[in-house]
Amino acid sequence: MVPETERYTFFAEGHYDITDDIELYGEALLNRRETYVNAYRQYWVYMYNGEALWGANADPFAAGWGGMNELSPTPITDHNDSSVTIDYQRFVAGLRGDTLLGLDTWSWDLALQSSRSEGAYWNQRIFADAIDDQYYRTASCVGTVSSIRGAPCVDVDWLDPELLRGNVSDEVAEYAFGEETGHTIYEQFSVEAVANGELFDLPAGAVAMAVGMHYREDEINDTPGEVTLAGNVWNSSVAGITAGSDTTRAVFGELSVPLLANSRFADALELTVSGRYTDVDSYGSGETYKVGLNWAINDVVRLRATHGTSFRTPALFELYLSNQTGFLAQRSVDPCINWADNLDANVISQRVADNCAADGVPDDLSGSGAGATIITGGGFGVLEAETSDATNIGIVLTPSNINLRVSIDYYEIEVNDEVSRLGAGGIVGGCYDSEDFANEPLCDLFTRNSATDPGPFLINTVRDSFINVNSQRN
């Protein structure tokens, strides 16, 4: 019930005074995490038995089963264990000083950081071609090979009680079961330099300034195991290689200006202004800023206000994720299941019911059958950076005669082009809840079986990749 996890950590830090004003410092962190999971799972096939059904022939190994029936034998197996081993290392080296160019009011810090995370994930697998090739079989497969691996085919007696309870013969286990190991490597290198100090004095105090630069390289490479890369994992997610790199450069600065101090109108009034210019290879460049005002009227009342912008470029995973697939039950995706009854029960709106009917979905669709295939992937070349505007205005009250501090704030945050995934249910539900159903772009992100396909009218595939959401406001 609780996976076994072991962690090993080593950490060290130190410093050396080169001069009275300059210090050399460093850090080292090594960490390993090992997790092992024991798990069971079911797997199944489909077969016809007894008399011919819908023009098909019976399974040759279904002797003793009469009538026109479609069977789905569902064995259980403990061949579903997995483990993850992650090795993480991080090193920092830097110099810092208490004076800059002979100025005692200035200090500085220059740091280099290098980190690497390497993960190995191992899984026991059921081969898709060992199962799918025997769907609705009508004859022995001996003498043929499996469709993906090219392995000599083995006839599996899916109705064998021993197989159903998990006792798999060595021959069947060798044919149907396997294992694989995938690897993920994430590397980062950065250099950052910061200096801060006082520029000059005003009647209310010293004007302070901070400036700095940042340079960073990121690289990711995720290579799934051979079975996953071949698309031969039965009823589990498959994925390709996710690989990419990015370089970020930035310069920034901040200014603190004391406007008033111990005056008739304020105990203290301070203005802060900051700005940042960032250039990212995968996106381009952008400028952000922030302006703030802190006004202490007296010991009891203080007002504060800020307004600023920011942006976030898509992460490597969001950019370069190779297409992977997963599965969801129809009832967790499709709002058109039993839409007539659900309309009467006020589970869905009239608009959803009308759009389901317009799409030709029967009003009594049960949703029984194979789950929907969910495809996710990165958005390199499509995604834009997230941007935001934020305003915060507040008052802080600290009455002197009681032990009480009260703050009241109004904030307004708007994020544009947020990088996100809508989820399969959000995509399909948003399609059928659209006021402009005929032109709704969400409807282009999924497919539905036709009336003549196996599993008629069920959701077949949903494309749920990373996209930019228009806006979000708080």
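Predicted model: local features only at pLDDT ≥ 70, side-chain atom pairs only at ≥ 80, totals over all residues.
Leaving aside neighbours within four places in sequence, I459 is in contact with Q330, V333, D334, A372, V428, F446, T447 and R448.

I459 belongs to the largest nonpolar core, which has 26 residues. The members that touch the most other members are W339, V428, C431, Y432, F446, I459 and V462. Two or more residues each come from α6 (339–344), α7 (350–358), β17 (372–376), α8 (424–432) and β21 (459–463). Of these, α8 gives the largest share, five residues. There is also a second, separate core of 25 residues, with F127, I131, L159 and W234 among them. As a general point, nonpolar side chains in soluble globular proteins tend to be buried together.

R448 sits in strand β20 (residues 446–448) and D334 in the loop between β16 (324–328) and α6, so the bridge ties together parts 114 residues apart in sequence. Buried or exposed, for R448? R448 counts as buried, because its relative accessibility is 18% and the cut-off is under 20%. D334 is buried too, at 5%.

Now α7. Its buried residues are V352, A353, N355 and C356. Viewed down the helix axis they fall within an arc of 165°, so they line one face of α7. The cover over these buried residues includes α6 and α8. After α7 comes G360, with a positive phi near 80°.

On to the other salt bridges; the count is 22. R90 pairs with E27, with the closest N and O atoms 3.2 Å apart. That pair links strand β7 (residues 82–97) to strand β2 (residues 22–37), across 63 residues. R90 is partly exposed at 24%, and E27 is partly exposed at 27%. R304 pairs with D409 at 3.0 Å, joining β15 (residues 301–312) to β19 (residues 406–420), 105 residues apart. Here R304 has a relative accessible area of 28% and D409 has 34%, and both are partly exposed. Salt bridges that share partners also join R32, E34 and D87 into one network.

Last, the surface. L199, F200, L202, L255, V273, Y289 and V291 make a nonpolar patch of about 550 Å². Strands β9 (177–202) and β14 (284–296) each supply at least two of its residues, and β9 has the largest share, three. F200 lies in β9 and is partly exposed, at 47%.

Note on methods: Residues numbered from 1 in each chain as written. Heavy atoms only, no water. Core = buried A, V, L, I, M, F, W, Y, C linked by side-chain atoms within 4.5 Å. Buried < 20%, exposed > 50% of the residue type's maximum accessible area, 1.4 Å probe, protein only. Helix = DSSP H or I, 4+ residues; strand = E, 2+ residues; numbered from the N terminus. Contact = heavy atoms within 4.5 Å. Patch = residues over 30% accessible without salt bridge, like charges linked within 9 Å, V, L, I, M, F, W, Y side chains within 5 Å. Areas by Shrake-Rupley, 256 points an atom, 1.4 Å probe, with all protein chains shown as cover. Salt bridge = Lys/Arg side-chain N within 4 Å of Asp/Glu carboxyl O. Arc of directions from axis to C-beta.
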